[in-house]
Amino acid sequence: GRPGLVKWFEAMDSFAPYADRVAGDEYSWTAATSMFLRYFGDGEDKPDVSAAIQRADEAAERLAGSFVGVASADENGEYSREAATKLITNHKAVVKDCTRSDPKSQQHIERASDFDAADVMLR
């Protein structure tokens with residue numbers, strides 16, 4: 001094939017900021033699949049689209065079960081600090097998402113109705 005492209009992909013995969021954050025992981029891409037299908041799948045009323053969404057949601061749920069072991073792997077707190085930093089820097093957007101009445105994704109998650117309470121809770 002295309003040795004230049006292969007080298008580029010290998011370089012990107014070895015670049016920590018890309019490989020560890022931007023590239024995504026199996027769970028993230030699996031969970032995003034059902035959202036993409038809902039947005040671009042031409043209707044959840046179609047049996048094949050609905051079945052694909054259900055398969056993606058079930059696969060994401062199975063993968064989420066593996067998160068339990070991750071907490072114990074965070075011995076030096078690196079992952080916890082990274083998550084906290086992301087929540088702090090995106091605080092307004094997170095509060096807005098927590099309280100929106102018409103969520104665009106993860107519609108199965110109940111939203112808070114009080115913006116101020118959500119704001120305080122996430123501080």
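This is a predicted model: local features need pLDDT of at least 70, side-chain atom pairs count only at pLDDT 80 or more; totals for chains, interfaces and linings use all residues.
Two packed helices are described by the angle between their axes and the distance between the axes. For helix 3 and helix 4, the angle is about 155° and the axes lie 8 Å apart. Angles over 145 degrees count as roughly antiparallel. Helix 3 and helix 4 are therefore roughly antiparallel to each other.

Now look at the loop that links the two. D42 lies in the loop between helix 3 and helix 4. Its backbone stands out on one point: D42 has a positive phi of about 70°, although D42 is not a glycine. Is D42 buried or exposed? The relative accessible area of D42 is 57%. The cut-off for exposed is over 50%, so D42 is exposed.

Step back into helix 3, which covers residues 26-40. Take T30 to begin with. Its relative accessibility is 16%. Buried means under 20%, so T30 counts as buried. Next comes R38, with a relative accessibility of 33%. That value falls between the cut-offs of 20% and 50%, so R38 counts as partly exposed.

Both residues also have a partner from elsewhere in the chain. T30 and E58 are 28 residues apart along the chain, and their C-alpha atoms are separated by 9.4 Å. R38 and K104 are 66 residues apart along the chain.

Helix 4, which spans 47-64, supplies at least two residues, as does helix 3. By type, the lining divides into seven nonpolar, six polar and four charged residues.

Now move on to two other loops. E75 is found in the loop between helix 5 (68-73) and helix 6 (78-89). Its relative accessible area is 75%. That is over the 50% cut-off, so E75 is exposed. E75 and V95 are 20 residues apart in sequence, and 29 Å apart in space from C-alpha to C-alpha.

The other loop lies between helix 7 (91-99) and helix 8 (115-121), and D102 is found there. With a relative accessible area of 39%, D102 is partly exposed. D102 and Y27 are 75 residues apart along the chain. Their C-alpha atoms are separated by 24 Å.

To recap, helix 3 and helix 4 pack roughly antiparallel. Each of the two supplies at least two residues to the lining of the second largest pocket.

Conventions:
Residues are numbered from 1 along each chain as its sequence is written. Side-chain values use heavy atoms; hydrogens and water are left out. Helices (H or I, at least four residues) and strands (E, at least two) are DSSP runs, numbered from the N terminus. Ala, Val, Leu, Ile, Met, Phe, Trp, Tyr, Cys and Pro count as nonpolar, Asp, Glu, Lys and Arg as charged, and the others, Gly among them, as polar. Buried means under 20% relative accessible area, exposed over 50%, partly exposed in between (1.4 Å probe, protein chains only). Axes are lines fitted to C-alpha atoms, for helices over the stretch in contact, and angles run from 0 to 180 degrees between N-to-C directions. Angles under 35 degrees count as roughly parallel, over 145 as roughly antiparallel, 65 to 115 as roughly perpendicular and the rest as oblique.
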